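Please read this short report alongside the sequence and the model.

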Amino acid sequence: MKQYAEAFTAFNRDAENGWLKSQRIAAFARFEYLGFPTSSVEEWKYTDTKALAKREFKLATGYNQSAAAELFASKGLTLDAYRLVFVDGLLSPELSNLEGLQEAVVIEPLSQALATELELTCGMMGRLAGIDVDVFTALNFAFVNEGAVVRIGNNQTLNKPLLITYLSMANDAAVMSHPRIIVAAGANSELQLIEHFIGEEEAQNLTNRVVEGIMERNAKIHHTLLQQPSDKEWWIGRIQIDQKRDSRYTSHQMNLGGKLVRDDLVCDLNGEGAECDFSGLLFGRNRQHMDIHTLVNHNAPLTNSYETYKTILNDRSQGVFNSKVIVKKDSQKIHAVQNNANLLLSDQAQINAKPELEIYADDVKCAHGATTGQLDLDALFYLMARGIGEEEARGLLTLAFANEVIDKLELPEIYNLVETTVAGQLPHKIELELTQ
Amino acid sequence: MIEIKDLHAKVEGKPILKGLSLSIKPGEVHAIMGPNGSGKSTLSAVLAGRSDYEVTSGSVTFLGQDLFTMSVEERACAGLMLAFQYPVEIPGVKNVYLLKAALNAQRKARGEPEMEAPAFMKLVREKLQFMKIDNSFLHRAVNEGFSGGEKKRNEILQMLILEPKLVLLDEIDSGLDIDALKIVSEGVNSLRDAGRSFLMITHYQRLLDYIEPDFVHVLSDGKIIKTGDKSLALALEERGYDWVLEEIA
């Protein structure tokens with residue numbers, strides 16, 4: 001704790017007096033009060049933060065431009081998009097590109113928004129992910145300084161996806177970053193947001209990222225989170241979405257590893273017709289630990305939520321899946337589906353799966369299920385008996401398990417990356433049009 | 001083609017095959033019949049390479065090679081194909097992908113170049129038509145939700161595309177109605193030639209009306225106890241197995 005206190009004092013000391021400075025102080029006090037969660041905290045029962053708490057992280061003061069550019073060039077997505085790139089939490093102007101934004105759309109780095117439109121920005125910040133949400137969100141708020149502000153005007157469709165890339169570098173000393181992404185999607189607006197986390201090999205940093213998104217009537221957000229941390233890296237993520245009437249939020253999360261990767265995804269369905277659709281893949285190797293917690297609050301009638309998460313665990317990796325759906329008393333005619341399937345590829349891999357439903361209304365349709373299993377040996381034998389090598393056969397079956405969630409990835413670049421990670425190099429796919 | 005000598009095999013510690021010998025030459029069609037529990041399915045499983053069957057003694061030479069030194073996929077690539085009695089469902093893997101992956105794996109093993117997509121699709125469509133299977137089948141997951149008849153037709157379709165040298169047909173007739181049996185038999189017969197052999201395992205003589213064997217063997221208690229021609233199958237159908245057992249005793 002002491003190191004955080006020192007870092008915080010140095011960080012906030014010179015900030016201008018005002019709401020932000022005092023909020024940060026309050027946030028840090030909250031963080032100190034709560035401390036790192038122990039296993040007696042229900043939400044953290046299966047994810048141990050002791051090792052994380054012992055680590056020392058500093059705020060980055062700069063970064064090596066050419067190393068960052070190299071990492072981005074080798075692993076970054078190349079799709080045509082508005083780009084914001086952060087290196088160890090610091091904005092990289094040379095790798096970012098927001099040129100050609102349409103009118104009635106604002107996308108800017110948080111640091112810039114705080115410098116130019118302090119009041120407006122502060123008004124948006126913490127509305128959904130304030131200091132009282134949880135300890136890491138409080139920590140994020142204490143150090144809030146960089147990230148993005150995205151405002152899409154009414155009736156606007158963002159004409160290119162927004163790609164936010166977090167580069168985490170292998171530094172001599174581990175660093176921490178606390179990016180915050182604030183999205184306000186106007187009525188009838190549409191936005192595709194892709195977040196890509198890339199860890200340099202041997203990087204051992206902590207990234208504690210918060211997204212808060214307010215969606216007005218009939219707004220649509222397609223949100224993809226692709227995580228490729230190094231094996232030594234820590235990621236804590238929180239997404240809080242507030243959905244008004246008829247809005248639709250979709251989330252695809254592809255979690256491909258890290259030492260400890262924990263994500264919380266919360267949607268409040270506050271208006272009739274609001275709908276959210278979550279899907280995700282957690283793919284663990286070695287001693288990686290990955291944890292997804294979702295919460296959907298059906299606060300209004302006629303709202304829908306769909307969740308499909310798949311976990312594939314190799315070696316001694318561990319996974320946690322916890323999803324909760326709460327249907328409020330007067331939220332009638334809602335539809336909620338939670339699906340979770342887990343594939344354990346090793347005897348020592350472990351999954352803790354817990355779908356939960358709390359229903360206080362009486363006219364609802366809810367379904368949930370969680371299954372855990374291993375590769376079907378009969379299917380494996382069948383493929384091999386047709387001449388397919390064991391490694392490829394295993395890859396095919398593993399991929400088949402994940403298909404339901406990765407087929408939802410619309411960008412071929414991300415799809416191919418995930419497919420290769422999950423299944424290894426499979427022989428070339430057949431062009432679909434040839435088979436019609 | 002294949003030379004099985006004094007084969008003994010166990011399943012879960014229990015001896016099932018107890019000295020089975022059988023020789024199949026290129027171009028021959030053999031049928032093995034026998035009562036339940038005589039070891040028919042064990043034989044096909046051992047030949048295909050299932051790991052839960054333990055070979056305790058004996059030898060099998062397939063095209064001059066010791067079969068038991070070959071992995072499952074090596075056996076397949078060398079031209080041995082087992083048409084399963086119960087083909088497994090493989091959700092998430094499309095038929096078209098399995099066919100292409102299998103064909104190209106086998107071609108690669110033979111040192112041939114991979115087949116390009118257009119040529120492959122032409123081949124597949126031709127065989128689909130022959131087996132009276134709809135094109136939409138290609139995009140369905142392997143055997144998922146298939147009826148018994150569809151699964152068996154799928155086995156034969158794979159056979160037509162992979163063109164193995166030795167085919168083990170494990171109760172290919174079970175669960176088939178007459179129409180499906182005809183289609184399956186036509187598929188098998190279309191591949192019969194001087195260089196290819198078949199070993200059919202069946203309970204019923206009916207199959208042999210459609211696919212005429214050169215030899216019929218009676219398997220009992222893990223051994224072949226009688227060998228004859230097609231008329232032996234008719235006799236079995238008529239009189240059961242007991243008289244063969246008595247004759248031996």
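## Basis

This is a predicted model, in which local features need pLDDT of at least 70, side-chain atom pairs count only at pLDDT 80 or more, and totals for chains, interfaces and linings use all residues. Residues are numbered from 1 along each chain as its sequence is written, while chains are lettered from A and ligands numbered from 1 in the order in which they are written.

## Sheet in chain B

In chain B, 4 strands make an open antiparallel sheet, ordered β2-β1-β4-β5. Strands (E, at least two residues) and helices (H or I, at least four) are DSSP runs numbered from the N terminus, and two strands pair if DSSP finds at least two bridges between them. Because β2 (14-24) and β5 (65-66) of chain B are at the edges with a single partner strand each, one side of each has no neighbour in the sheet.

Strand β1 (residues 2-11) of chain B is joined to β2(B) by 8 bridges. K10(B) has P15(B) as its bridge partner in β2(B).

## Contact between the chains

Chain B gives 27 residues to the contact and chain A gives 22 residues; residues are in contact if their C-beta atoms, placed from the backbone, lie within 7 Å. On the chain B side, α3(B) has the largest share, 10 residues.

## Contacts of M81(B)

Leaving aside residues up to four places away in sequence, M81(B) touches A76(B), M159(B), L162(B), P164(B), V167(B) and L168(B).

Methods: Two residues are in contact if their C-beta atoms, placed from the backbone, lie within 7 Å.
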